[in-house]
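Subject: Structure handover

Hi,

Here is the structure you asked about.

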Amino acid sequence: MSKVVKKEYLEEAVPGYNLRTAREEARRCLVCYDAPCSQACPAGTDPAKFIRSLRFNNVKGAAETIRKNNPFGGSCAKVCPYDQLCQEACSRCGIDKPIEIGRLQSFLVEQEKAFDMKNIEAPAEKKAGKVACIGAGPASLTTASQLARQGYDVTVYDAEEKAGGMLTYGIVPARLPQETVDYDIKLIEDLGVKFVLGKKVESAEALKAEGYDAVFVGAGLWGPKTVDVPGADAKGVYDALDYLKKARETGGACDLGNKVIVIGGGDVAMDCAATAKLAGADKVMIYYRRTIEEAPAEMAEISYVQSMGVTITTEFAPEEILVQDGKVSFVRFKGRDGESEAKVKADTIVFAIGQAADPISGTDQEGIFMGGDFANGGKTVVEAVKDGKEAAAAIIDYLEKKAGVKECQ
Ligand code: SF4
């Protein structure tokens, strides 16, 4: 069976701005003192500042604010939970509706790309200090970007063939187009950051021994959490990341299943369900062990998959996967009340119940820093950017002190 994943997701659901409509939206901004929207952004993207620039027709200045404050401004514009962060904090919520910060950010990053604005540049003068970053996800690449902007020599290592980490392999392209991720990464590459891809690094101290003055470990969470359900090793059972990766690598031109059960209640579970639906599955069902109010997925994501015809059954957890001829045939669920039961036919099961970190040795050594999902157990992209910025500041402090000690000797 050959299927094609369509990229029609958010574009259809939320049409983009043009210059006129973007300015109109920016003019609704109250130009708040101590803007709550900016205070609510973990990455410090400063929406109040870029909206103010746009309000006064300064598109370049607005795009520059985003790029300088957040190297993943394009990707965050697509996947950030605005309704729980800046837009929820927006002062206009108490009047009519919040400023559409996410859509304005998307528009401005598109303008930046369309007009090839050079908003960040590496300094001509290089600083002494070589840094390695393990992982090419948003935390690691933010660290790399911040360091390169200060003139440090940075090399990023990743086991995958393509940079981007979860942005490239863990989020359905229909929600986060690959060209958006690629553009964010291209600008980081333009700063002189070097990439060594397709190389798995298992020891931070080994990199230090190769001559790096500091190492950032932002290797993400790539190992699946163990699933203790009989039959979980049958053909047709996937871990969420493998499922999304397969869909992305083949453009959906592979058999991703016709009756698909996704187990989990987070954004990744919603992404898997949307991927299955866009790949042409007849029936896609999400099963989550808690209530919908307890589900960590964004409401917009839940509503979206429901609008595609995906059913969500809550308070049921898998007990057993029934296998026929080595392949999945049914899943037996048990209700949270301890009594209810369900037996559901499926040919594909996707476990989207979280990921675990692959071990990396030597992380407790001097000069080794950690951040992103690897350190915090898995949060949002914007939190990863925040971690990357903080790690870069700590690394710069460490390198400066180290250089100071050398000078004194
Ligand atoms: S909180 Fe809302 S109204 Fe106030 S500056 Fe931010 S976007 Fe404008």
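C32 is partly exposed, because its relative accessibility is 26%. C133 is buried, at 0% relative accessibility. Keep in mind that this is a predicted model. A search of the whole structure found zero disulfides. The cut-off for that search is a pair of cysteine sulfur atoms within 2.5 Å.

Next, the helix pair. Helix α14 covers residues 267–278, and helix α15 covers residues 299–307. Their axes lie 10 Å apart, at an angle of about 20 degrees. Angles under 35 degrees count as roughly parallel, so α14 and α15 are roughly parallel to each other. The crossing of α14 past α15 is left-handed. On the α14 side, the contact uses D267, M270, D271, A273 and A274. On the α15 side, E301, I302 and V305 take part. By class, the contact has five nonpolar and three charged residues, and no polar ones.

Last, the backbone. Most residues other than glycine have a negative phi.

D46 sits in the loop between α3 (36–39) and α4 (47–55). D46 is partly exposed, because its relative accessibility is 23%. D116 sits in the loop between α8 (101–114) and β1 (130–134). D116 also counts as partly exposed, with a relative accessible area of 43%.

Best wishes

Note on methods. Residues are numbered from 1 along each chain as its sequence is written. This is a predicted model: local features need pLDDT of at least 70, side-chain atom pairs count only at pLDDT 80 or more; totals for chains, interfaces and linings use all residues. Side-chain values use heavy atoms; hydrogens and water are left out. Buried means under 20% relative accessible area, exposed over 50%, partly exposed in between (1.4 Å probe, protein chains only). Axes are lines fitted to C-alpha atoms, for helices over the stretch in contact, and angles run from 0 to 180 degrees between N-to-C directions. Helices (H or I, at least four residues) and strands (E, at least two) are DSSP runs, numbered from the N terminus. Angles under 35 degrees count as roughly parallel, over 145 as roughly antiparallel, 65 to 115 as roughly perpendicular and the rest as oblique. A crossing is left-handed if the near helix is turned anticlockwise from the far one by less than a right angle, and right-handed if clockwise. Contact means heavy atoms within 4.5 Å. Ala, Val, Leu, Ile, Met, Phe, Trp, Tyr, Cys and Pro count as nonpolar, Asp, Glu, Lys and Arg as charged, and the others, Gly among them, as polar.
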